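These are my notes from a sitting with one model. I went through it site by site and wrote down what I looked up.

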Amino acid sequence: MRAAVFHHSYEPLTIENVATPVVGPHDVKIAIQTCSISHTDMQFIDQGLAPNMNPPIILGHELAGIIEEVGKDVKKFKSGERVIVPAIITCNQCLACKSWNETHCEDMKHIGIDCNGGFAEYIVVPAFHPYRLPYEYSFEEGSLIANLLVGAYHVVFDRINIRAGEKVVIFGCGGFGLSILQMAKLRGALVYMVDIFDWKLEQAKRFGADGILNSNKADICEEAVLETLGEKADIVIETIGAPRTLLQSMNSLKKGGRLVLCGYTDNALPFLIGRIIKNEISLIGAAGAPRRKIPEIIQLLEDDKISLDNMVTKRFDLDHINDGINTLRMGQTIRTIIYPFGLEHK
Ligand SMILES: [Zn+2]
């Protein structure tokens, strides 16, 4: 099969012919129709490896496709069914998995990080893992439901418990930031978005932001936040994972505030320890996207409570994946989608 292979950080992906994965008795083989590029993918290329990565590897973890082959013991799916493939394969057996706390699974595998991912024509996963994608949703929407929307739901509903009327500042108007914005609005929060691109901030307004701030245009970001909100924030959600935005996030929080970190990075970041202690700031990490929430997300979409409109802004075939990654790097996109079988399959 054809795949975009990651060999080393600081180098582009290479398009290669690699062995098509083989289906075991309990597995399904999926022809990948869409895989979106996330900042996590870009970070491995631009900043270095996650500790458990062992290249060469195929990146990409936001995928949807069509079941092409099922293992001999699989009853759940038949070939031809449309599916969402969640990013994290949990063990389905440990106490965390059995108690519906799957993001705490002790034996999880991250697609596109510790096993091959979606920037390829095919993937093989255990049959318990994929979810059916209803026909009214496109593969692009399927790609975004599994990780972006479910991940945002997990941040807002499982990890923070945002209360109505609380003032929330979100750093980063990428697909994840805009998804968290929509979920926070469902909780009745007042949500303010910070980014360095006006066109993304305009998008945030369309998704219901109560206020926007271009931190590149402010002399001191924290003072501009204060001015925009009229006070410091109850909750700041950092979706970027950069030293500068982390400091700005800490400085924008009121006493007793909650700082939520969900912009993945393996780098050491500066923390003002004294500030955390003195101001009794709670640090909350959030990662992953519980598979079992997918039906709830589909229901929210069906009820028009949330939207994926205008979330996909660029599309590329596999041969041009490095151009696609560049659109993220340059801040030219909300979400860029890769079509492994070509754009004519759109
Ligand atoms: Zn488990």
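**Loops and backbone**

I started at Asn 161, which sits in the loop between α3 and β11 (167-171). For the element names I follow DSSP runs numbered from the N terminus, with helices being H or I of at least four residues and strands E of at least two. Before going on, I note that this is a predicted model, where local features need pLDDT of at least 70, side-chain atom pairs count only at pLDDT 80 or more, and totals for chains, interfaces and linings use all residues. Residues are numbered from 1 along each chain as its sequence is written, and side-chain values use heavy atoms, with hydrogens and water left out.

Back at Asn 161, I read a phi near 55 degrees, a positive value in a residue other than glycine. I reminded myself that most residues other than glycine have a negative phi, and most peptide bonds are trans. Next I checked Pro 56, in the loop between α1 (39-47) and β4 (57-58). The peptide bond leading from Pro 55 to Pro 56 is cis, and its omega is near 5 degrees.

**Zinc site**

Which residues coordinate the zinc ion? I found Cys 91, Cys 94, Cys 97 and Cys 105, each through SG, at 2.3 Å. Donors here are N, O and S atoms within 2.8 Å of the metal (3.2 Å for Na, K and Ca); water is not among the atoms, so sites may look incomplete. Along the sequence, the spacing of the donor residues reads C-x2-C-x2-C-x7-C. The angles between the four donor atoms run from 102 to 117 degrees, so the arrangement is tetrahedral, a label that needs all angles between 85 and 135 degrees.

I then looked at Thr 103, in the loop between α2 (95-98) and β8 (109-110). Its C-alpha is 6.2 Å from that of Pro 290, although 187 residues separate the two along the chain. Beyond the neighbours within four places in sequence, Thr 103 contacts Met 108, His 154, Ala 287, Gly 288, Ala 289 and Pro 290, contact meaning heavy atoms within 4.5 Å.

**Helix packing**

I took α3 (residues 139-160) and α4 (residues 175-186) next: their axes come within 8 Å and cross at roughly 50 degrees. Axes are lines fitted to C-alpha atoms, for helices over the stretch in contact, and angles run from 0 to 180 degrees between N-to-C directions. The pair is therefore oblique; under 35 degrees would be roughly parallel, over 145 roughly antiparallel and 65 to 115 roughly perpendicular, with the rest oblique. Among the contact residues I noted Leu 148 and Phe 157 of α3, and Phe 176 and Met 183 of α4. The contact residues divide into 12 nonpolar, three polar and no charged. In that count Ala, Val, Leu, Ile, Met, Phe, Trp, Tyr, Cys and Pro are nonpolar, Asp, Glu, Lys and Arg charged, and the others, Gly among them, polar.

How is α3 placed against α9 (residues 294-302)? I get an angle of about 90 degrees, with the axes 10 Å apart, which makes α3 roughly perpendicular to α9. The residues in contact include Ile 145 and Tyr 153 of α3 and Glu 296 and Leu 300 of α9.

Methods: Four donors count as tetrahedral if all angles lie between 85 and 135 degrees; four count as square planar and six as octahedral if opposite donors are over 155 degrees apart and all others between 65 and 115; anything else is irregular.
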